[in-house]
Amino acid sequence: MREVTDYQFAYFNNIIYNEQEPQGPVSDFTTFSESGRLESGLAATACIREDQDGKGAVVFTFLGTDTSKGAKMVKGQMKTNFQLSQDPDEDMQIVRDAVGYMKDTLADLKKQKSGVKWTVYTTGHSLGGFLATAVAVELDPEITKVVTFDSPGLPKYWRDTAQKMHDDSYWRERVMDYLTFPNPINTTLPHIGHLVRLELHTHGAATPAHVVRCILGTALRAAVWGSGLNLGLTLAGKTRGFWATKVVAVSVRTSKKLFTSRFNLRETAREAKAAHKEDSAKLDAISEGKQDGSSKKNRKALGPILSRLPASARAAAITTSWAFTTALISSVTYISTRTSGAINDTQQEHMIVAILSGFDEESGDAKQPVEVLQWPYHDLLVREGFTKAHSRRVAVEGLLPLQPAAYGLHNLMRRKQLLLARAHSLPGYKEAA
């Protein structure tokens with residue numbers, strides 16, 4: 001009997017999301033049955049292929065989380081996803097429905113085509129990957145092979161059941177887990193089986209979003225280090241310390257002029273230059289403590305405390321405040337950028353369409369498979385203190401240049417190396433030598 005390739009398994013997951021009949025690389029299969037959309041969140045199909053030697057293949061594909069499949073379906077899937085995040089030590093309704101559907105389908109299949117010896121496979125993406133593995137544990141040894149894509153892992157109830165039934169080597173032969181780089185979905189729970197990290201086309205590409213984040217990361221650090229330099233010069237008496245204030249004033253005035261002049265760049269530049277001279281004169285007057293009417297008004301604007309300080313102390317106070325505020329805003333902005341980047345990367349790479357790009361259509365194998373011995377999961381990260389320390393590390397990462405896992409110009413064309421550095425920083429992540 002012809003083997004079903006891993007690329008074909010991935011393609012089955014693509015067509016179940018699009019509610020299509022088998023086509024393309026799986027066009028030799030036909031749909032035998034569908035589970036329908038159950039309130040538990042289950043949706044599955046059974047596709048069959050009969051070979052000339054009296055053997056056949058039946059592939060059960062379980063739908064992952066899909067918000068386009070109706071309110072009842074989404075409610076059931078969201079409930080299941082929440083239960084998975086709690087690592088339940090009990091059976092779940094969606095798995096009972098999946099097992100029932102498979103038993104009924106196999107009984108009908110053997111009744112209608114009794115002369116065929118069927119090889120049974122299960123596959124699924126995301127939530128569907130959990131279901132494909134859980135039903136394989138429930139129906140072992142009737143299931144020959146399981147292939148999942150970016151599965152959230154397996155809850156305690158089925159992990160313990162699998163461990164009681166067979167050792168790890170048994171499940172490594174029967175369960176193939178294809179994963180992208182660690183993300184909040186595929187690190188939910190521990191995995192059983194053979195773990196392979198996929199190299200996707202997006203990992204090595206300098207995508208527009210990645211370029212923007214790298215430029216922003218370096219710009220934020222430049223602002224911090226520029227403010228720090230200005231603070232040092234001020235405390236050393238080398239400058240009056242109003243560099244930061246001038247930058248803000250000129251930026252605000254220039255932006256305002258740009259809009260009021262309807263983006264006339266020449267007029268804006270001329271008026272901005274004049275505004276810069278005016279601001280500099282005012283700031284110099286404040287710095288030197290001149291007592292004309294204009295400077296008194298400007299001194300009053302500084303507040304009752306700053307206006308009474310000597311020029312040097314006033315400059316140091318303003319510059320220190322600027323440096324601290326810049327560092328704080330930079331860290332918060334960088335953490336937000338890092339978080340939004342992780343969410344965006346997860347959304348892009350978790351999609352089954354993106355995962356398909358990691359396979360070669362002709363051979364059916366992964367293009368650049370990376371064997372993984374251990375994979376991080378939520379409880380382990382909490383126990384190792386990773387989640388508490390992560391924000392602190394990212395905040396420091398946003399200030400220090402040339403960090404391997406940081407957004408910055410140094411990683412502009414090294415997106416894959418950046419993702420690898422982040423993966424290796426996770427407790428529990430270990431690639432094969």
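1. Buried is used here for residues with under 20% relative accessible area and exposed for those with over 50%, with partly exposed in between (1.4 Å probe, protein chains only). The model is predicted, so that local features need pLDDT of at least 70 and side-chain atom pairs count only at pLDDT 80 or more, whereas totals for chains, interfaces and linings use all residues. Residues are numbered from 1 along each chain as its sequence is written, and side-chain values use heavy atoms, with hydrogens and water left out.

2. In helix H5 (residues 156-165), the buried residues are Trp158, Arg159 and Ala162. They cover an arc of only 105° around the axis, which puts them on the same side of H5; the arc is that of the directions from the helix axis to the C-beta atoms. Gln163 and Lys164, on the other side of H5, are exposed.

3. Asp140, in the loop between H4 and strand E5 (145-149), is buried yet has no salt bridge, since the nearest side chain of opposite charge, that of Arg174, is 4.3 Å away. A salt bridge here requires a side-chain nitrogen of Lys or Arg within 4 Å of a carboxyl oxygen of Asp or Glu.

Key
Helix = DSSP H or I, 4+ residues; strand = E, 2+ residues; numbered from the N terminus. Lys, Arg positive; Asp, Glu negative; His and termini not counted.
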